[in-house]
Amino acid sequence: MLSKEIQLEVNKGAMLPLMEEFYTIQGEGFHTGTAAYFIRIGGCDVGCHWCDVKESWNAELHPPTSVDLIVKNAATYADTVVITGGEPLTWDMTLLTQELKNKNLKVHIETSGAYPLTGFWDWICLSPKKNKLPTQTVYDNAHELKVIIYNKHDFIFAEEQAELVNDGAILFLQPEWSKKEEMTPLIVDYVMNNPKWRVSLQTHKYLNIP
């Protein structure tokens, strides 16, 4: 149980449940292959059954960490920072992103969009989930839409989401890792027949990096 003082700091986004932070290569989506410092924030109630970081779901397992310390660590590594989770928009991202921007860092987010958009972002990757659909604020501001393909029905879901996201968003289909052998050929065929879409792969897993 957090003290009242710390809970207040978490509520306003001055402290966040930090699960992990690491410098690596972005493996997915539009910025694949580029260096980035990842900040993984704990807490998520979206509950995807194929999530590969289920240990991020319970925010109480991850220590509330001051935004100042998170920013200090990030600024020593890279000029691009990716905020991921968990579901980072569970929390108010305003203070974290403002301090990162004050350090002249480019700030990206990977989000399901399940909560209203907070923060200041250079790039918003929206990866919507069926069981908790995105808010309009994220549909309106996303730079890329990345739909995970676990089964054939997900192509229908992808088209539904493409209709809802803003016209400028770049569209990606990505095979769920455990289904990649089955789904990747279907995605290749689908993109060739529907070239508004692009293929995204989890290249960091092929490279065996975080």
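## Local features of a predicted model

Leaving aside neighbours within four places in sequence, K103 is in contact with V71 and A75, where contact means heavy atoms within 4.5 Å. K103 is found in the loop between α3 (94-102) and β5 (106-111); helices (H or I, at least four residues) and strands (E, at least two) are DSSP runs, numbered from the N terminus.

Residues are numbered from 1 along each chain as its sequence is written, and side-chain values use heavy atoms, with hydrogens and water left out.

UniProt, in an unreviewed entry, lists residues 31-210 for "domain: Radical SAM core"; UniProt positions are given in the numbering used here, feature names are shortened, and annotations may be inferred rather than shown by experiment. The end C-alpha atoms of residues 31-210 lie 15 Å apart, and the span is 31% helix and 23% strand.

**Helix α5.** The 12 residues of helix α5 (residues 153-164) should span 16 Å at 1.5 Å a residue, and the end C-alpha atoms are 17 Å apart, which agrees. The expected span is 1.5 Å times one less than the number of residues. The buried residues of α5 are D154, F155, F157, A158, Q161 and A162. They cover an arc of only 155° around the axis, which puts them on the same side of α5; the arc is that of the directions from the helix axis to the C-beta atoms. Buried means under 20% relative accessible area, exposed over 50%, and partly exposed in between (1.4 Å probe, protein chains only). The cover over the buried residues of α5 includes α4 (136-141), β7 (144-149), β8 (170-175), α6 (180-193) and β9 (197-199).

**Aromatic rings.** The model has six aromatic pairs, counted when the centres of Phe, Tyr or Trp rings (for Trp, the six-membered ring) lie within 6.5 Å; planes under 30 degrees apart count as stacked, over 60 as edge-to-face and the rest as tilted. Two of the pairs are tabulated.

| Pair | Centre distance | Plane angle | Class |
|---|---|---|---|
| Y23 and Y77 | 5.6 Å | 45° | tilted |
| W177 and Y206 | 5.0 Å | 75° | edge-to-face |

Y23 lies in strand β1 (residues 15-25) and Y77 in the loop between α2 (67-75) and β4 (80-85), so this pair ties together parts that are 54 residues apart in sequence. Both are partly exposed, Y23 with a relative accessible area of 40% and Y77 with 47%. Ring pairs link Y23, Y37 and Y77 into a cluster.

W177 lies in the loop between β8 and α6 and Y206 in helix α7 (residues 203-207), so that pair ties together parts 29 residues apart in sequence. W177 is partly exposed, at 26% relative accessible area. The charged end of K180 sits over the ring of W177, 3.9 Å from its centre. K179 lies over the face of Y150, at 5.1 Å from the ring centre. A charge sits over a ring if NZ of Lys or CZ of Arg is within 6 Å of the ring centre and within 35 degrees of the ring normal.

**Backbone.** Most residues other than glycine have a negative phi, and most peptide bonds are trans. The peptide bond from G85 to G86 is cis, with omega near 15°, and G86 is in the loop between β4 and α3. N104, in the loop between α3 and β5, has a positive phi near 65° and is exposed, with a relative accessible area of 70%. N208, in the segment after α7, has a positive phi of about 60°.

Conventions
Predicted model: local features only at pLDDT ≥ 70, side-chain atom pairs only at ≥ 80, totals over all residues.
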